[in-house]
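Colleague: Could you walk me through this model, one question at a time?

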Amino acid sequence: MRLRLPKLAPERQPGPRDPAASMSLINDVIRHPLDPAYEAEAQKRRAAGLPPSSGTHSPLLVLAVFLIGFGLAMSAMALRVPLGEAKKTHDQLVSRINDGQKLIDTRSGSVKSLDGEIARLQDSALARSNKPDVSNDLRDLETLTGAVAVTGAGGVLTVKDSTGAGTDAQGDPRSGSSDTGRVSSSDLQVVVNGLWQAGAEAISINGQRLTSLSAIRFAGQAILVNFRPLVPPYAISAIGPSTMYADFQKNSGGTYLAGLTKGFGISSAYDARKNLSIPAAPSVALNYARSAKENK
């Protein structure tokens with residue numbers, strides 16, 4: 001018995017594909033851009049004789065957009081400080097600072113003049129009292145406390161920042177990530193202490209006399225001595241024995257300064273002088289006193 005197999009239809013060969021078939025979706029979007037629901041509403045408006053939807057032509061929408069834009073513009077102007085106004089404020093502050101500094105200098109001169117007059121009257125009174133020992137002791141104490149200017153042999157040690165010195169983002173000249181070679185307040189403290197150790201009898205930095213009440217410290221990026229800012233280079237004037245600088249180079253202060261020169265490029269130079277003048281301290285505060293009668 002033979003089985004009959006069904007005849008298969010001949011396989012159709014694919015013909016060329018219509019290139020427009022893949023564009024049917026795009027063509028449909030172009031021909032019918034509106035959603036069917038929107039299209040139905042538009043047809044109802046046209047059938048009723050109404051104008052098309054106003055869209056952006058609505059006066060209320062235009063007014064709302066204008067008000068929003070005006071509000072944003074006013075906010076930007078309020079937050080932004082005009083450059084001219086900022087410069088004017090800066091100039092006014094600088095002028096006030098300069099005027100205040102001039103007033104301080106004028107009154108400081110008056111104080112020094114009065115101090116000199118007091119010293120002359122004091123010497124005259126002591127001379128009349130026939131107590132030369134008291135007068136000599138007073139002069140020695142005035143010299144030690146920085147109350148009077150002094151003159152003698154010594155030298156000027158000038159310390160300068162390295163070339164291109166600066167600070168890091170926090171204003172620190174001696175941070176681990178910013179070896180900038182700028183002299184810091186602690187550097188001057190170590191150097192000054194080394195000069196005292198070497199036998200210095202009187203010291204000043206850029207004309208500011210150092211006493212037991214003086215402070216060398218940082219304020220922002222400036223070094224203050226006696227609450228007065230210093231401008232580099234720093235001239236450290238010291239009166240002392242002829243061996244003062246040689247002894248300084250051997251002690252901890254000189255070794256520290258040599259390390260700054262080698263490690264950070266800070267430069268220093270010493271100028272020996274036979275007749276060096278160091279001014280008096282800006283002011284000497286009297287904290288303790290006893291009547292002369294109590295000492296008898």
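Modeller: Let me start with a term: a contact means heavy atoms within 4.5 Å. This is a predicted model, where local features need pLDDT of at least 70, side-chain atom pairs count only at pLDDT 80 or more, and totals for chains, interfaces and linings use all residues. Residues are numbered from 1 along each chain as its sequence is written, and side-chain values use heavy atoms, with hydrogens and water left out.

Colleague: Among contacts in the protein chain with a separation of 6 or more, what share comes from residues 24 or more positions apart?

Modeller: The count takes contacts in the protein chain with a separation of 6 or more. Of these, the share from residues 24 or more positions apart is 70%.

Colleague: What is the order of the strands in the open sheet of 3 strands?

Modeller: Helices (H or I, at least four residues) and strands (E, at least two) are DSSP runs, numbered from the N terminus. Two strands pair if DSSP finds at least two bridges between them. The pairing in this sheet is antiparallel, and the order is β6-β7-β8.

Colleague: Which strands stand at the edges, and why is one side of each left without a neighbour?

Modeller: An edge strand here has a single partner strand, so one side of it lacks a neighbour in the sheet. The strands in that position are β6 (216-219) and β8 (228-230).

Colleague: Which residues of α6 are buried?

Modeller: Buried means under 20% relative accessible area, exposed over 50%, and partly exposed in between (1.4 Å probe, protein chains only). In the protein chain of 296 residues, buried ones make up 21%. For α6 they are Ser185, Asp187, Leu188, Val191, Val192, Gly194 and Leu195.

Colleague: At roughly what angle do the axes of α6 and α8 cross?

Modeller: Helix α8 takes in residues 252-264, and its axis comes within 7 Å of that of α6. Residues making the contact include Val191 and Gly194 of α6 and Tyr256 and Leu257 of α8. The axes cross at roughly 145°.

Conventions: Axes are lines fitted to C-alpha atoms, for helices over the stretch in contact, and angles run from 0 to 180 degrees between N-to-C directions.
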